[in-house]
Amino acid sequence: MINLVRRLLKTSQKKPEKLIDEKEIRYDGRKLNEMRPVKIEVGILGNADGSAYIEQGKNRILAAVYGPREIHPKHQALPDRAALRCRYHMAPFSVQERKSPAPSRREVEISKVMREALEPSVFTEYYPRTAIDLFVEVLQADGGTRCAGITVASLALADAGIPMRDLVSACAAGKVEGRVVLDLSDVEDKSSDGADMPVAYMSSLNAVTLLQMDGMLTPDEFEQTLNMAVEGCKQISQLQKEALKAKYATAKEAVAEKEEEAEEEAKE
Amino acid sequence: MTSIVAAKVRAKRVAQLIAGGKRLDGREVNDYREIQIESGLIERAEGSARVRLGKTEVLVGVKIEAGEPFLDTPNEGVLTVNAELVPLASPTFEAGPPDENSIELARVVDRGIRESKAIATEDLVVEAGKKVFIVFVDVYVLNHDGNLIDASALAALAALLNTKMFNYEVKEGEVKIKPGYKPLPINNHPIAVTFAKINDKLVVDPWLEEEQAMEARLTMTIEKDGKVCAMQKGGYGIFTTQQILEAGKIAQQKATELRKLVVKE
């Protein structure tokens, strides 16, 4: 029975023959420069100093920030700034085949580039000798997790009240079946002869803080892909700001309600 | 603390020079250091090469073994790249399991070879889905004086071009090695070109002194037809989109020059 379900699941997830049709519509109904639906929530974990959650397509990612706090082990302390420490980690159930929970080489590399993508945005020099610990947990992966992870991590840092130069927004662009497209899903990323270029960007500073690529791009395609990714980052940046505002709007409403209640009680 | 102050003073000097278009070692901003490539130093390895990039020295050995293919690519051989930052190469390297720097180095070199399809992995299949050859590319850093990525990528390519594939026959599912060799089938020649951003300017092939002063690093790997096949940004600084496109143009030229040193047509 379980096998049957598995087989059904597999066939339902089978890769479509063509990822982009004649009308330039992608297999999931998106236009070439269209992002997957994004849902963001800020401030959702009780213990963390800052936290955020993102859904981008089927990606589901949580980020939490602890700190600035005392650093352990002590020898990691930096005399002139806070040490931003970052762990990108995938849950064993986040992908089709169970992933061992031990950090893979891929996760070690992503943790590094993620830290380097976020550190330019943080005023680490305000908190010398401390640690800012950032944890990104991928609960479900569907391509583009490092970008969505950076987007959500930047919001968690903002939620923790850490002074920042700008939000970091990330989005990939790439090539699928010869066309340059925005925000590749897992199926598109794995298509042959494609390319994937994850970019992280601070919109108000025109600053690229993460840049990677694999695949093959001619110089023209390269420029086109980079520009498309940056446009995607700008869209993400808007969504991030809305999510931050939404958190404080709900907080404001809650305060207003409490005040009303108190007033009524006083009248009685 | 004193060492941090001293490092900051040196970094400032490097940055001031670069603002005036000069470098501490007298190179132009788009010059590589002197490059020496020697192939086939390790007889026990199927392929090997040593690259000297200024004082940076990297040895790459290639070993080939029979093994199982990945489930999703039953008709392809396997490429594995590993990098060791051995303690004899630098006072800052420590023995132990690979840290994030060596993992990043290995993965950037790997990406260039893999994405440019440099190795004809479809020719390395003994029995589809069951037995293929695994190409182990081991990067061994012998002396660290900056820009390990370009030196390692160059040494890896030189070692692969030098790699001999043994003749074999299959008897009862076991691979038996026969005398004689043929070259490992190589289809593409990826070249990594690394830039350091110092004082908002880009310089190619940063040496150690410049790496300690750089704000950020950008590697572009260019394949033989001039396409970009891999890219990696590192460091805590930023790049503008204009700087990235500018770097792309310089990388094209530099890759063509470097390729001539490894690939003798």
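Which residue in E12(B) is the bridge partner of Asp214(A)? The partner is Ala230(B). The model is predicted: local features need pLDDT of at least 70, side-chain atom pairs count only at pLDDT 80 or more, and totals for chains, interfaces and linings use all residues. Residues are numbered from 1 along each chain as its sequence is written, while chains are lettered from A and ligands numbered from 1 in the order in which they are written.

Strand E9 (residues 207-217) of chain A and E12(B) pair in the antiparallel sense over four bridges. Strands pair if DSSP finds at least two bridges between them. Helices (H or I, at least four residues) and strands (E, at least two) are DSSP runs, numbered from the N terminus.

The contact between the chains takes 26 residues from chain A and 30 residues from chain B. Residues are in contact if their C-beta atoms, placed from the backbone, lie within 7 Å. On the chain B side, E12(B) (228-234) gives the largest share, seven residues. H2 and helix H5 (241-262) of chain B also give two or more residues each.

Within chain B, helix H2 (residues 100-115) packs against helix H3 (residues 148-161). The angle is about 45°, and the axes lie 10 Å apart. Axes are lines fitted to C-alpha atoms, for helices over the stretch in contact, and angles run from 0 to 180 degrees between N-to-C directions. H2(B) and H3(B) are therefore oblique to each other; angles under 35 degrees count as roughly parallel, over 145 as roughly antiparallel, 65 to 115 as roughly perpendicular and the rest as oblique. Residues of H2(B) including Leu105(B) and Val108(B) meet residues of H3(B) including Leu148(B) and Ile149(B).

Notes. Contact = placed C-beta atoms within 7 Å.
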